[in-house]
Amino acid sequence: MTKRTGAAQKDRSAGRKGFWFSFGIERLGLVPLRAPLISAVIMVLVSIAAVPGMLQMSVDDSLSELFRTNTEEFRRYEEISQRFPSSEFDVLVVIEDDELLTPENLDAVRNVILDLQLIPGLNGLISMFSVREVPDETGFPSALFPAELPTGEAFDALMERIRSNEIIQGKLLSEDGTLALIVLSLDRTKVLDIGLKETIGEIEEVVADALATTQLSAQLTGAPVMQLEIRNAVQRDRLIYNGLGFLLGAIIAYIFFGNVTHMLIAVAGPAAGVLWSLGAVGYLGFKLNLFVNVITPLIIVNGFSDSMHLVFNIRREMMAGVSRIEAARRAVIAVAPACFLTALTAAIALASFIFAQSALIRTFGGASTLAVLLSYVAVVMVVPTLAALLLPRQAGSETPEDKEKSDAPMQFLARISERVFRHIASVPAPYVVSGIVLVALMGTAYVNLQPHYRLADQVPDQEQALKTTSRLDEKLTGANPVHVMIEWRDGRSIYEPGVLEVIADAHNVVEKQTGVGNVWSVETLRRWLEKAGDPSVEILKEYIGLLPEHLVRRFIAVDEQAVVVSGRLPDVDASEILPVVDDLDAALEPLRKAHPDFTISVTGLPAIAARNSAQMIFELNVGLVSDILVVVVFLGLAFRSVFASLVSVLPSLLPIFATGALLWITGEGLQFASIIALTVAFGLALDSTIHFLNRYFLEERDEQGRRRATLDALARTARIIGPVLILTTIVLALGLGVTIFSDLPSLRVFGQLSGATLFAALVAQLIVLPASIAFLRRRWPVKRETTARA
């Protein structure tokens with residue numbers, strides 16, 4: 001571009017109308033250019049102030065927070081967690097060996113149990129060594145395992161009794177006798193004081209030390225262990241993958257810009273956006289979780305794209321001979337309106353999550369909406385400021401040969417983009433028709449996606465918790481608790497025949513339910529006592545009175561007006577658990593009708609997840625598609641152009657539906673991570689579409705305000721926008737793609753889908769969008785409408 005052309009561009013950009021709802025915010029980047037040094041000092045101070053807020057963000061590792069809703073069902077789940085607190089805060093220690101039931105190995109297991117009882121924060125524990133005999137004539141129940149294990153035939157007889165014991169068999173010891181389960185009941189209050197990491201670490205150390213001289217293997221699982229692994233993975237991923245993403249982005253930016261300064265300016269904008277946004281989110285009390293952790297890549301996607309457009313325009317103006325201050329000013333005037341519109345539309349799309357049922361998703365909606373708006377402020381303030389301070393003061397300080405050499409990569413991309421655009425614009429109809437057909441076919445696949453959810457999706461799959469859970473799924477029918485809570489409010493004793501009858505009937509229903517195993521309740525004890533020859537209620541009451549308090553509270557409430565029948569489910573997809581939970585609920589219905597004075601409810605995290613996950617994913621999906629339609633209309637209002645709305649439809653839908661088709665082909669289905677990845681992808685597609693249309697409307701008129709031919713306008717747009725679109729896609733694909741190495745399955749899915757959607761978005765911007773513009777302009781000349789341009 002020559003100096004004369006640059007001046008004309010200046011006049012055109014300066015006269016450009018702002019969006020009717022912007023209130024001048026799109027020119028916020030002009031403010032720091034009045035005093036760049038002072039602005040830089042202020043930005044540094046803001047960044048320093050943001051650091052404590054970012055560092056104080058804690059990790060929300062709750063497995064149930066995702067399903068927290070203002071519904072009777074969730075309130076019931078919370079009630080059972082409060083009245084029977086142990087069930088959702090157990091650490092499960094699994095000890096295995098093919099020769100587990102030998103005197104030496106059993107002594108080692110008993111030593112583990114004795115050492116574990118000394119751990120601070122422990123309410124108590126349950127194992128096969130906790131089981132006692134039927135009370136004798138004095139009322140004392142002796143230990144099933146003697147203090148000194150016998151040998152020979154006596155030991156074999158003992159093992160026969162152990163393996164056939166009603167309480168031990170299939171619950172604390174696997175049927176084949178190779179796996180033993182120790183259930184540690186943690187005190188939430190004490191663990192919070194001590195620290196979950198310290199408590200789990202001490203348990204691991206005690207178990208390892210006690211079994212060091214044996215061949216026994218031991219691993220931990222349970223909600224507290226999963227929570228710790230989630231916390232560690234979230235913190236690790238935030239540091240490693242976000243840092244690695246920025247590093248790769250910086251390297252690619254340097255390769256194409258050929259200048260360290262330009263690269264630093266391009267990276268500094270989104271880096272400030274991440275810092276300021278996370279600082280604000282931290283100060284407002286938001287916690288890191290599966291969703292909030294995605295805010296950083298979301299900001300990187302939007303911030304990096306806007307930053308690259310600004311830097312590219314500044315660089316182009318300076319190569320045309322304009323001073324650094326003027327180049328930054330022109331870039332802000334020409335590009336910042338599109339950046340603002342991108343941030344605003346993304347905020348509108350993300351704000352829809354605020355109205356979701358899930359508290360976790362509502363949190364994400366509020367935090368991400370704030371983050372994208374702050375990211376816009378950071379990028380449009382930081383990039384012009386650094387350009388004014390760091391770039392060469394005088395225009396044209398490089399020789400023509402230096403300019404040509406440094407600009408070679410970008411010119412190469414510009415030539416490719418121009419050729420592609422010219423070809424597509426000359427024959428747009430086949431590309432538009434192909435785009436419509438693809439959107440229709442892939443959209444069909446998208447709408448037929450089935451929701452998928454597993455608890456394992458939230459937990460690192462390279463750690464011990466999930467591996468141990470799979471062993472419990474195989475040997476003891478599962479590790480995930482499902483509860484049937486039975487309540488009565490008339491003051492009757494739990495030991496009255498009518499109450500025990502209802503508990504027994506409910507226990508029978510749960511026990512017969514396919515897919516549920518390891519069933520525990522008061523009925524388990526009653527059956528065992530009956531089998532031992534003493535079925536009287538008095539003996540049952542006496543035996544329960546001798547049990548440790550923490551053990552009794554696992555199935556009898558403190559006020560003795562509620563009990564639970566607990567079973568275990570394997571960790572499978574929610575679509576497989578839901579029929580089990582629904583069948584169980586239906587099987588209990590005759591019992592409810594026969595005893596209307598009892599309230600009988602099926603609850604537990606697997607039940608809540610199975611019932612709610614599909615509906616929540618569906619709502620998020622509908623919200624995303626609705627956002628696309630709303631944003632398309634919004635673009636028309638912003639550009640004061642129906643034409644802008646129409647040409648943005650296909651490019652907005654194509655990346656979303658393409659990714660949905662990929663999920664359908666691979667059989668993955670829609671997961672929570674999928675929806676987040678699609679939201680980020682939509683943000684990028686939207687960002688690129690807005691910048692494209694913004695530039696196209698500028699290039700549609702020449703320096704004298706006369707209309708250019710559509711082919712020429714698209715060619716000029718290609719030279720300016722094409723390189724940035726390609727470069728941004730490469731940077732973001734590498735930056736977000738590193739998450740495929742995460743230990744969190746959900747984050748790996750996010751990385752994989754991000755790569756697919758970024759590619760689809762690039763195809764949409766480079767092929768479908770120019771084809772749509774060229775096709776519609778032949779039938780809808782520019783003179784028939786008014787647009788937001790010079």
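Asn-518 has a relative accessible area of 10%, so it counts as buried (buried is under 20%, exposed over 50%, partly exposed in between, with a 1.4 Å probe and protein chains only). Asn-518 lies in strand S6, residues 517–520. Its phi is positive, about 55°, although Asn-518 is not a glycine. Glu-560 also has a positive phi, near 55°, and is likewise a residue other than glycine. Glu-560 sits in the loop between helix H20 (549–552) and strand S7 (562–569). Its relative accessible area is 31%, so Glu-560 is partly exposed.

## Basis of the model

This is a predicted model, in which local features need pLDDT of at least 70 and side-chain atom pairs count only at pLDDT 80 or more, while totals for chains, interfaces and linings use all residues. Residues are numbered from 1 along each chain as its sequence is written, and side-chain values use heavy atoms, leaving out hydrogens and water.

## Overall picture

The protein has 790 residues, of which 60% count as buried. There are 26 helices and eight strands (DSSP runs numbered from the N terminus: H or I of at least four residues for helices, E of at least two for strands). The C-alpha atoms fill a box of roughly 110 × 50 × 45 Å along the principal axes. Take the contacts between residues at least 6 apart in sequence: 82% of them join residues at least 24 apart (contact means heavy atoms within 4.5 Å).

How many of the residues of strand S3 (179–186) are buried? Eight of its eight are, and the strand is mostly covered. In a regular strand, side chains alternate between the two faces of the sheet. In S3, Leu-179, Leu-181, Val-183 and Ser-185 point one way. Ala-180, Ile-182, Leu-184 and Leu-186 point the other way.

S3 runs antiparallel to strand S1 (90–96), with seven bridges joining them (strands pair if DSSP finds at least two bridges between them). Val-91 is bridged to Leu-184 of S3. S2 and S3 are also antiparallel, joined by four bridges. There, Leu-122 has Leu-186 as its bridge partner.

The loop between strand S2 (122–126) and helix H5 (152–164) holds Arg-132. Its relative accessibility is 33%, so Arg-132 counts as partly exposed. Arg-132 and Ile-167 are 35 residues apart in sequence, and their C-alpha atoms are 9.7 Å apart in space.

Thr-221 belongs to strand S4, residues 217–221. Its relative accessible area is 0%, so Thr-221 is buried. The Thr-221 side chain reaches the backbone oxygen of Ala-465 at 3.0 Å. Leaving aside neighbours within four places in sequence, the contacts of Thr-221 include Asp-90, Val-91, Thr-468 and Leu-472.

His-507 is in helix H17, residues 497–512. At 1% relative accessibility, His-507 is buried. Its side chain makes a polar contact of 2.6 Å with that of Ser-521 (a pair of N or O atoms within 3.5 Å; within protein, one must be able to donate a hydrogen and the other to accept it, and residues adjacent in sequence count only if both atoms are side-chain atoms). Beyond neighbours within four places in sequence, His-507 contacts residues including Val-519, Trp-520, Arg-527 and Val-565.

Strand S8 (598–603) is largely enclosed by the rest of the structure, because five of its six residues are buried. Strand S5 (480–488) pairs with S8 in the antiparallel sense, over six bridges. Glu-487 has Thr-599 of S8 as its bridge partner.

Where does helix H22 (605–638) bend? H22 bends by about 35° at Asn-612 (the angle between axes fitted to the seven residues ending there and the seven starting there). Just after H22, Arg-640 takes a positive phi of about 55°.

## Aromatic cluster

The count is ten aromatic pairs. Tyr-696 and Phe-697 form a tilted pair, 5.9 Å centre to centre with 55° between the planes. Rings of Phe, Tyr and Trp (its six-membered ring) pair if their centres lie within 6.5 Å; planes under 30 degrees apart are stacked, over 60 edge-to-face, and the rest tilted. Both Tyr-696 and Phe-697 are buried.

Phe-639, Phe-643, Tyr-696 and Phe-697 make up one aromatic cluster. The charged end of Arg-777 sits over the ring of Phe-643, 3.8 Å from its centre (NZ of Lys or CZ of Arg must be within 6 Å of the ring centre and within 35 degrees of the ring normal).
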